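Have the sequence and the 3D view open as you read.

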Amino acid sequence: MDKTIDNLDEAVSGIPDGAVLMIGGFGGSGAPIELIHALIDRYRATGSPKDLTVVNNNAGTGKIGISAMIDAGMVRKIICSYPRTKDHESFANKYLSGELELELLPQGTLSERIRAAGAGIPAFFTPTSYGTDLAEGKQIQEFDGKPYVMERSLKADFAFVKAELGDPHGNLTYRLAARNFNPIMCMAADTAIAQVSKAVPLGGINPVDVITPGIFVSGIVEVPDPQQEEDLIRAGEVY
């Protein structure tokens with residue numbers, strides 16, 4: 001039952017080519033930068049993984065994190081709700097050249113598709129996107145006289161998340177707004193890997209404070225002083 005992983009290299013070693021990878025975070029809040037950069041290091045050393053489908057709130061900013069994955073050529077498709085950030089050059093260049101696919105989703109629809117997958121719900125209906133290009137080709141059904149668009153749940157092979165505390169069974173807590181997409185991504189992925197700011201022993205988290213139960217987490221790796229995306233971008237860092 002001990003799900004502790006010794007280091008970041010080991011934590012990212014199981015991601016294969018073509019995987020669907022959910023990455024937590026809302027902007028830099030809750031973004032697992034160290035896990036992302038460890039995966040880039042593995043790609044540069046081995047050429048794998050490539051052809052990834054990345055699910056995130058946005059398509060990366062600056063030259064770090066998801067943007068660095070895109071620049072490295074690891075990503076085939078992005079599923080997100082906000083591709084245009086302040087500095088979205090990495091995404092824009094690959095997308096406009098035809099090297100990167102985009103599936104654009106309203107943010108609430110993205111969140112609910114992920115949550116539905118974790119809850120075992122194969123599809124749901126929402127009024128959001130009706131009458132727009134985003135509803136093209138999707139089933140439309142009327143409820144109480146109003147049209148709704150059917151959306152399928154969104155599952156992943158792997159999820160990378162950032163948590164505050166984690167114990168050997170994989171129970172997690174989050175710091176403030178860093179919670180965002182992370183808990184539902186753990187539920188929607190076959191394998192969820194969490195970088196935690198502090199690994200605590202069993203009993204180190206009060207059961208009432210557990211946000212993500214360990215049953216949804218496959219491994220935790222301690223990263224005591226995690227970097228913040230916005231700080232790296234302001235410093236002009238390039239990974």
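## What counts as a salt bridge

Let's settle the term first: a salt bridge here is a side-chain nitrogen of Lys or Arg within 4 Å of a carboxyl oxygen of Asp or Glu. The idea behind it is simple: side chains of opposite charge can pair when their charged atoms come close. Keep in mind that you're looking at a predicted model. Going by that rule, the count is 9 salt bridges.

## A loop-to-loop pair

Start with K50 and D17, which form a salt bridge with their closest N and O atoms 2.8 Å apart. K50 sits in the loop between helix 2 (33-46) and strand 2 (52-55), while D17 is in the loop between helix 1 (8-11) and strand 1 (20-23), so this pair ties together parts that are 33 residues apart in sequence.

## Strand to strand, and within a helix

Next up is E103 with K77, another salt bridge, where the closest N and O atoms are 3.2 Å apart. This pair also links distant parts of the chain: E103 belongs to strand 4 (residues 101-104) and K77 to strand 3 (residues 75-80), 26 residues apart. The cut-off matters here, because buried means under 20% relative accessible area. K77 has 19%, so it is buried, whereas E103 has 22% and is therefore partly exposed.

R115 and E112 make a salt bridge too, with 2.8 Å between the closest N and O atoms. Both are in helix 5 (residues 107-119), and because they are 3 residues apart, about one helical turn separates them. R115 counts as partly exposed at 34% relative accessibility, and E112 does as well at 26%. There's also a network to look for: K77, E103 and R113 are joined into one by salt bridges that share partners.

## A buried serine

Now find S67, which is in helix 3 (residues 65-72).

On to the empty space. Rolling a probe the size of a water molecule over the atoms shows where such space is left. The largest pocket has a volume of about 240 Å³. It is lined by 13 residues, and those closest to its centre are T61, T85, K86, E229 and I233. Sorted by class, the lining of this largest pocket has 3 nonpolar, 6 polar and 4 charged residues.

The second largest pocket comes in at about 170 Å³. Its lining is made up of 13 residues, with G30, K162, R175, A178 and Q228 the closest to the centre. Which element gives the largest share of the lining of the second largest pocket? That's strand 8 (residues 156-166), which supplies 3 residues. By class, the lining of the second largest pocket divides into 6 nonpolar, 4 polar and 3 charged residues.

Notes:
Residues are numbered from 1 along each chain as its sequence is written. This is a predicted model: local features need pLDDT of at least 70, side-chain atom pairs count only at pLDDT 80 or more; totals for chains, interfaces and linings use all residues. Side-chain values use heavy atoms; hydrogens and water are left out. Helices (H or I, at least four residues) and strands (E, at least two) are DSSP runs, numbered from the N terminus. Buried means under 20% relative accessible area, exposed over 50%, partly exposed in between (1.4 Å probe, protein chains only). On a 1 Å grid over the protein atoms alone, a cavity is a set of points where a 1.4 Å probe fits but cannot get out, and a pocket is an open set with protein on both sides within 12 Å along at least five of seven lines; lining residues have an atom within 4 Å of a point. Grid points are joined across faces, edges and corners, and a volume is the space filled by probe spheres set on the points. Ala, Val, Leu, Ile, Met, Phe, Trp, Tyr, Cys and Pro count as nonpolar, Asp, Glu, Lys and Arg as charged, and the others, Gly among them, as polar.
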